[in-house]
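I am opening a new notebook page. Here is what I want to look up, starting with the sheet.

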Amino acid sequence: MPTFDLIVIGAGPGGYVCAIRAAQLGLKVACVEGRETLGGTCLNVGCIPSKALLHASHMLHETHENFEKMGLMGAKPKVDWAKMQAYKQDVVSGNTKGIEFLFKKNKVTWLRGWATIPAPGQVRVGDELHEARHIVIA
């Protein structure tokens with residue numbers, strides 16, 4: 001049974017920061033995440049993708065409403081929805097890959113799957129049972 005000083009359940013904004021900082025302080029750390037990528041709801045399907053699309057929409061609004069006032073003349077751009085979606089995905093991928101890099105750099109073990117706590121000091125991820133001195137649910 002693999003043993004860790006700390007297992008963090010959830011790799012959202014609270015979980016991945018907790019895991020990385022604990023590893024930087026010298027603990028042997030694992031972080032459990034059920035999604036295919038790190039970052040939780042906020043980074044993968046919530047705040048960050050929404051803000052990327054809002055930023056692109058704001059830029060479109062600026063070209064249609066304010067550029068002429070500033071002396072910027074010319075054709076008004078049109079929306080290419082597929083490219084906007086690709087831009088959003090690039091933003092999300094860049095951030096999730098950044099967290100993955102920090103996990104590797106700080107030697108945080110990424111346990112892929114959904115966690116349960118069957119007993120004190122134990123975390124089950126799929127068929128694997130892991131032991132931990134401390135558990136954080138993030």
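In what order do the six strands stand in the open sheet? I read β3-β2-β1-β6-β5-β4, with mixed pairing. Strands here are DSSP runs (E, at least two residues), numbered from the N terminus, and two strands pair if DSSP finds at least two bridges between them. β3 (109–112) and β4 (115–119) are at the edges; each has a single partner strand, so one side of each lacks a neighbour in the sheet.

I note that this is a predicted model, where local features need pLDDT of at least 70, side-chain atom pairs count only at pLDDT 80 or more, and totals for chains, interfaces and linings use all residues. Residues are numbered from 1 along each chain as its sequence is written, and side-chain values use heavy atoms, with hydrogens and water left out.

Next I checked β1 and β6. Strand β1 (residues 3–9) runs parallel to strand β6 (residues 128–137), and six bridges join them. L6 stands opposite H134 in β6.

I then looked for salt bridges (a side-chain nitrogen of Lys or Arg within 4 Å of a carboxyl oxygen of Asp or Glu). I found one. D5 and R133 form it, at 3.4 Å from N to O. D5 is in β1 and R133 in β6, so the pair ties together parts 128 residues apart in sequence.

Last, I searched for disulfides (cysteine sulfur atoms within 2.5 Å). The whole structure has zero. The closest cysteine sulfur to that of C31 is in C18, 8.1 Å away, too far for a bond. C47 is in no disulfide either; its nearest cysteine sulfur, that of C42, is 3.0 Å away.

Notes
Helix = DSSP H or I, 4+ residues; strand = E, 2+ residues; numbered from the N terminus.
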